[in-house]
Number of protein chains: 2
Amino acid sequence: MSFELILSNVSKHIQLDKDEATYFTSLLKTESVSRKATLLKAGELCKNISFVCEGIVRAYYQDREGKEATIMFGVADWWITDMNCFVNQLPSMMTIEAVEPSVVMHLQKSDLDLLYLKVPKFERFFRIIFQNAYIREQLRTIQNLSLTAEERYLNFNRKYPQVARQVTQKQIASYLGITPEFLSVLRKKKN
Amino acid sequence: MSFELILSNVSKHIQLDKDEATYFTSLLKTESVSRKATLLKAGELCKNISFVCEGIVRAYYQDREGKEATIMFGVADWWITDMNCFVNQLPSMMTIEAVEPSVVMHLQKSDLDLLYLKVPKFERFFRIIFQNAYIREQLRTIQNLSLTAEERYLNFNRKYPQVARQVTQKQIASYLGITPEFLSVLRKKKN
DNA sequence: CGTCTATTTGAATGTACTCAAAAGCGGTGG
DNA sequence: CCACCGCTTTTGAGTACATTCAAATAGACG
């Protein structure tokens, strides 16, 4: 598997010399997953933060009644993990599964901690990654609080048009926090 | 104003020597705000990330119809800003106002950028701060998607009991994404 | 090609909102 | 320190948005 994409992702925020790049990529474990296979199951220890090289994955939370809430979709060039359980090394609350055949690279918590020590620039890199993740999540909270389901659906299509095409309506509904039946009604109305 | 609290906050994640601490505190601007005064108004350029020393502040978004959505409450020992507009130096979407008389310390974007260069440990510090902020926001999203208003209200009281006592129900309602009238109904039912 | 799941449709229901008006409470000025 | 004014909270009736359940249809994967 090529490290081209992940190195280009890193180079958006920090510059690595050759040794640093070699060290960084030596910590990565590549995994190919088929459709519906899971990267992480709820209840398992969340060992990795993962980078999506190809395909698309989905992180979701399932409540006691079995209802799914999609936390995020991860397309190529995105980082994904159950951050809470990764950082605190707890059993995962989320399941992360491949929506279509995908290739991901994993970075273990213990290796990331080493990386921070050996190449402190990565503190900066992940500072920026987490800063952006926080911003996105905060904007989502504002939308959840102040918009109707229909407005959120239209915004989702505008913001993530490629994701909207690749995932099922059921999955979009669970991202928006509505039922698939109601999403179907919304789609008939406007579009 | 004393730098005791903010230095203790920083020392939770990184160790500063005396010169570093002096340099850091030299960048801070202390402000005392009375009840209902604003630290940041929607539309103004968001210049600062702010640390709450005393009191309690509230960040909220107001939509076109005037409906408020409370993004977060900031109590003593918390960092608060409109992260999106701070990072990208845009006009703020949020207003941040004091719920009661408060003391805050401001760190300008340009000074923070300098701080990252001069004392790179602060990359680590804010990496951890933003990581935790992201985790909290993600947990909130899960709750918004999978819980009823009543469950979210009970969780809010369990998680932030001191905030729940200091702010109005109207403000709590706008944090939960419900109307004050409906919150009143919920309170009568159970408690 | 068959099976399994996603999507659509509709009826009945529930959760939360809007509007309006009364009651309560707290901050501010006198 | 008290009283008033304005905002918060309560209460209720009517309404709207979204859910649940069920069944039919469509579509996708092996």
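Guide: Let us start with B:Ala21, which is found in helix H2 (residues 18-26) of chain B. Helices (H or I, at least four residues) and strands (E, at least two) are DSSP runs, numbered from the N terminus. This is a predicted model, in which local features need pLDDT of at least 70 and side-chain atom pairs count only at pLDDT 80 or more, while totals for chains, interfaces and linings use all residues. Residues are numbered from 1 along each chain as its sequence is written, and chains are lettered from A and ligands numbered from 1 in the order in which they are written.

Visitor: What makes B:Ala21 buried, exposed or partly exposed?
Guide: A residue is buried if 20 or more other C-beta atoms lie within 10 Å of its own, exposed if 12 or fewer, and partly exposed in between, with C-beta atoms placed from the backbone. B:Ala21 has 17 other C-beta atoms within 10 Å, so it is partly exposed.

Visitor: Which residues does B:Ala21 touch, not counting residues up to four places away in sequence?
Guide: Those are B:Leu7 and B:Leu16. Two residues are in contact if their C-beta atoms, placed from the backbone, lie within 7 Å.

Visitor: Why is A:Lys36 called exposed?
Guide: A:Lys36 has 10 other C-beta atoms within 10 Å, so it is exposed. Its place is the loop between strand E1 (29-33) and strand E2 (38-40) of chain A. Most residues other than glycine have a negative phi.

Visitor: And what about B:Asp77: buried, exposed or partly exposed?
Guide: With 14 other C-beta atoms within 10 Å, B:Asp77 is partly exposed. B:Asp77 also has a positive phi, of about 80°, although it is not a glycine. You will find B:Asp77 in the loop between strand E4 (68-75) and strand E5 (79-80) of chain B.

Visitor: Why are H8(A) and H9(A) called roughly perpendicular?
Guide: Helix H8 (residues 169-176) of chain A and H9(A) pack at an angle of about 100°, with their axes 9 Å apart. Axes are lines fitted to C-alpha atoms, for helices over the stretch in contact, and angles run from 0 to 180 degrees between N-to-C directions. Angles under 35 degrees count as roughly parallel, over 145 as roughly antiparallel, 65 to 115 as roughly perpendicular and the rest as oblique. H8(A) and H9(A) are therefore roughly perpendicular to each other. Among the residues making the contact are A:Ile172 of H8(A) and A:Leu183 of H9(A).

Visitor: Which residues come nearest to DNA strand C?
Guide: Of the 17 residues around DNA strand C, these are A:Gln169, A:Lys170, A:Ser184, B:Ala149 and B:Phe182. A residue is near a strand if its C-beta atom, placed from the backbone, lies within 6 Å of it. H9(A) gives the most to this surface, with six residues.

Visitor: What about DNA strand D?
Guide: Of the 17 residues around DNA strand D, A:Phe182, B:Thr168, B:Gln169, B:Lys170 and B:Ser184 come nearest. H9(B) supplies the largest share of that surface, six residues.

Visitor: How many residues does each chain bring to the contact between A and B?
Guide: Chain A brings 28 residues and chain B brings 28 residues. On the side of chain A that touches chain B, H5(A) has the largest share, 18 residues.
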